[in-house]
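Let's take a friendly walk through the charged pairs of this protein. Have the sequence and the 3D view ready as you read.

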Amino acid sequence: MSLDWLRKCIGGILLVSLCFFGFYEPVQQLVNIPNSVKVMEGDQVALPKAASVTAMSSLNDKNVALHEEKGLLSIQGKAVGKDEVVLELAGLPVKKVNVEVLKDFKVIPGGQSIGVKLNTVGVLVVGHHLVDTAKGKVSPGEIAGIQVGDMITEINGEKIEQLADVAPFVQKAGEESKSMEVVIKREDEIVKTSLMPLKEKGEDGYKLGLYIRDSAAGIGTMTFFDPKSKKYGALGHVISDMDTKKPIMVEDGEIVNSEVTSIEKGSGGKPGEKLARFSADRNVIGNITRNSPFGIFGALNQSVENNILDKPMRIALSHQVKEGPAEILTVVDGSKVEKYDVEIVSTIPQKFPATKGMVIKVTDPELLEKTGGIVQGMSGSPIIQDGKLIGAVTHVFVNDPTSGYGVHIEWMLSEAGIDIYKQNHERAS
């Protein structure tokens, strides 16, 4: 027997052994156990484990407590701080899990229908049109290279804040036959161009060949507010302009109470919609300082009530959300907030902010009868599971109105400027 052949045999045996070891159930479950875990103070997080895997010790018993029952290892957060839990297999330490215990945090869930009024940064270009001049039909704005979605922020060195600011510059430039110097914000780019207004045949005024708008309005649903800071989050997704389909850059804005007047039911291929109006009193209940991929955010100037769950409620981190029954709070008639049953079909534990963290399905017969499932205007409806606020409804599936996406609450809290981690996390752009 040659030495080379013996080496190959030994190598083959080791390779096969390693392959079988990889399929050994305790080893597989060890691989599935995360290297780090975050848990709220007073909460428990369960880890998958094989019968022969045990918790060996924790570095500091002051922060965490270990529980083993019915094949599950649970780590309980006792006090805010960091700790390490060592797992052992067959008496040998095999894995270390870093545990961070976060301060218990509570917010008040929403569910109220709100009216949203946004003031943009400058005026928004939403289209072009032709000016019928003595020399033919042209669009001065198009000639100047101005595009749909551009924000006109300055004219001749003067800041443009609203639609009414534009007309005097247009008339003066036309009468003097002198081009306007225009500054445009195009996504992350600043563009400068010259724009010459033209007179339409048979009219005294001058035109730019542009359709422009300076504000936007709509409805949505309140998700939560912090009873201490009065910071709130709503909608769960960015507000985009209905013409350009681009996110609206917010200068400021406000939210008011609104009332749902009727429901257009959703059906396959066509999402439904809440039809609503701003409340008659137009009572402003808060401002808008941020329009992000995770919703709109700002601060309330007064407390708001849903008359169902008006007490501070604990939140759940993304890895604590589980598949199964849950509830949403929303309005389908007038201003009355009601509770409806849904199912968490799938959920993704997320280490970084993402807008699609859950898939939910409406199971409540009453809500299905009234709306057909998830409808436009329902975005922001808080999702509650096991007495905790876990996220908000965001988007409906076009081909299945009974189902849609949800966003985890921890990302909305971060966007609202509420740091449950007590450290600096970068917000979404």
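Start at Asp132, which is partly exposed, with a relative accessible area of 24%. In this predicted model, Asp132 makes a salt bridge with Lys201, and their closest N and O atoms lie 3.8 Å apart. The two partners come from distant parts of the chain, 69 residues apart: Asp132 sits in strand E10 (residues 131-133), while Lys201 belongs to the loop between strand E16 (198-199) and strand E17 (206-207). Lys201 counts as exposed, because its relative accessibility is 51% and the cut-off for exposed is over 50%.

Why can such side chains pair up? Opposite charges can do so when their charged atoms come close.

Now look at Glu200, whose partner in a salt bridge is Lys207; here the closest N and O atoms are 2.7 Å apart. Glu200 is buried, at 17% relative accessible area, whereas Lys207 is partly exposed at 27%.

Next, find Arg290 and Glu415, another salt bridge, with 3.1 Å between the closest N and O atoms. This pair also links distant parts of the chain, as Arg290 lies in strand E23 (residues 290-292) and Glu415 in helix H6 (residues 409-415), 125 residues apart. Arg290 is partly exposed, with a relative accessible area of 22%. Glu415, at 2% relative accessibility, counts as buried, because buried means under 20%.

Finally, some salt bridges share partners, and in this way Asp43, Asp104, Arg314 and Lys388 are joined into one network. How many salt bridges does the count come to? The count comes to 17.

Notes:
Residues are numbered from 1 along each chain as its sequence is written. This is a predicted model: local features need pLDDT of at least 70, side-chain atom pairs count only at pLDDT 80 or more; totals for chains, interfaces and linings use all residues. Side-chain values use heavy atoms; hydrogens and water are left out. A salt bridge is a side-chain nitrogen of Lys or Arg within 4 Å of a carboxyl oxygen of Asp or Glu. Helices (H or I, at least four residues) and strands (E, at least two) are DSSP runs, numbered from the N terminus. Buried means under 20% relative accessible area, exposed over 50%, partly exposed in between (1.4 Å probe, protein chains only).
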